[in-house]
Each structure stands twice: as structure tokens, then as C-alpha cells.
Amino acid sequence: MGRSTETGVEELVALKADFLRFVRARTRGEVEAEELLQAAYLKATERIETVRDGESTVAWFYRLLRNAIADVGRERRRAEALPAEAEPAVTDADLHRAVCACVNDLVPTLKPQWATLVRRVDLEGASVPEVARDEGITPNAAAVRLHRARGALRDKLLVVCGACARHGCLDCGCRRP
């Protein structure tokens, strides 16, 4: 990182309490606020070089937070708009038995740290904090990685299984070449 980038990151970290208050007032609870802020910090460290000359790093970060909050709100409204009968009435045991073999085939194609999280949390039932401790990372970082891993796995399943994965069927009949 260059000097100006380091200064920008330091400035954002110093204002964590202010950012957390801002996010907390616009989300549903402390956990959601913490996770959203952690994800925003991660995104900021990856993209801080995009702050234009003369633009305030703090103003840029608030814009990033507002966009993230809006995304969470859209996802929540989308989920709440689904009719209750749209969710499959299956038990955990049914779901476990019906998991497409493609998932097990595709997990190893993810980044190793992502594959570990998906395997341990989603397939073996371990908790995120437990896996985070074993991997030597914070629970928030683990949650962010797990979110990204699930997205990458979903994208791979859509390529491999097509409509089967998109509609969440529990009787995958796709045949991989």
C-alpha cells in the first residue's frame, strides 16, 4: 500500500465506532451490523485505491456502507416477498440425503480456504466461530469468506447443473460430462 492508502485505511479504522453506529441504526441488530461493517472494511481494503484525488475517504466509505445497507434491504424484501409455500417442506434429513453429488464434486474446485469453510460448516454442520478458531481467523472474516464461497459454489452449480441448481430441486438428475 502506498502512503495515501495506508492513511486512508487508518482513518477508516479510527472511525469504526461512528461507522458501526451508522450501520446499526439502519440494520436489524448488532450481529448484522457487525457483519456488514466487516464486509465493508474488507471491500474498502481491496478498493481504496479507487478513491479519487480530492475525495474524502470517509465520504467514500459512507457511500460504500449505504450501498451495502441497500443491498441487504433489497435481499430482505425479496426474501419476505416469497410466499410461504414456495419453500420446500423437507426435513434436514431429507435435505442431507438429497444433496446433489455435484456439490461434493465441486467443493474441491473452490479456493482451499473457501472449500474448508463450505465443507465444515455446510456439509459437516460445524459452527462458523468453531471453524474460524480452527483456521486462525475471526468469526466475521470466516462469515465473509463463507458468503463468498457459497456464491462461487452457486455459480459453479449453475454452470454444471443448470436449471436444477437454479430452482433448488432436491432430485438432481444432471449428468456431468
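I took buried to mean under 20% relative accessible area, exposed over 50%, and partly exposed in between, with a 1.4 Å probe and protein chains only. The model is predicted, so I kept local features at pLDDT of at least 70 and side-chain atom pairs at pLDDT 80 or more, while totals for chains, interfaces and linings use all residues. Residues are numbered from 1 along each chain as its sequence is written, and side-chain values use heavy atoms, without hydrogens and water.

**Entry 1: salt bridges**

I counted a salt bridge where a side-chain nitrogen of Lys or Arg lies within 4 Å of a carboxyl oxygen of Asp or Glu. The rule returned 11 salt bridges. Helices here are DSSP runs (H or I, at least four residues), numbered from the N terminus.

I looked up Glu32 and Arg76, whose side chains form a salt bridge at 2.7 Å, N to O. Glu32 belongs to helix α3 and Arg76 to helix α4, so this pair ties together parts 44 residues apart in sequence. Glu32 is partly exposed at 22% relative accessible area, whereas Arg76 counts as buried at 19%.

Next I took Arg148 and Glu46, which meet at 3.3 Å, N to O, in a salt bridge. This pair links distant parts of the chain, with Arg148 in helix α9 and Glu46 in helix α3, 102 residues apart. Arg148 is partly exposed at 32%; Glu46 is partly exposed too, at 46%.

I then checked Arg78 and Glu75, a salt bridge at 2.5 Å, N to O. Both residues sit in helix α4, three residues apart, about one turn of the helix. Arg78 has a relative accessible area of 48% and Glu75 one of 47%. I also noted that salt bridges with shared partners join Arg120, Glu130, Arg133 and Asp134 into one network.

In helix α2 (residues 16–24) I found Phe19, Leu20, Phe22 and Val23 buried. They cover an arc of only 160° around the axis, which puts them on the same side of α2; the arc is taken from the directions from the helix axis to the C-beta atoms.

Trp114, Ala115, Leu117, Val118, Arg120 and Val121 are buried in α7. Just after this helix, Gly125 has a positive phi of about 85°.

**Entry 2: the second largest pocket**

I used a 1 Å grid over the protein atoms alone; a pocket is an open set of points where a 1.4 Å probe fits, with protein on both sides within 12 Å along at least five of seven lines, and lining residues have an atom within 4 Å of a point. Grid points are joined across faces, edges and corners, and a volume is the space filled by probe spheres set on the points.

The volume of the second largest pocket came to about 680 Å³. Its lining has 17 residues, with Glu35, Leu36, Ala39, Val72 and His147 nearest the centre. At least two lining residues come from each of α3 (30–47), α4 (57–81) and α9 (139–161). I sorted the lining into nonpolar (Ala, Val, Leu, Ile, Met, Phe, Trp, Tyr, Cys and Pro), charged (Asp, Glu, Lys and Arg) and polar (the others, Gly among them). The classes hold nine nonpolar, one polar and seven charged residues.

**Entry 3: Val144**

I placed Val144 in helix α9, where it is buried at 10% relative accessible area. Its C-alpha atom is 9.1 Å from that of Leu36, 108 residues apart along the chain.
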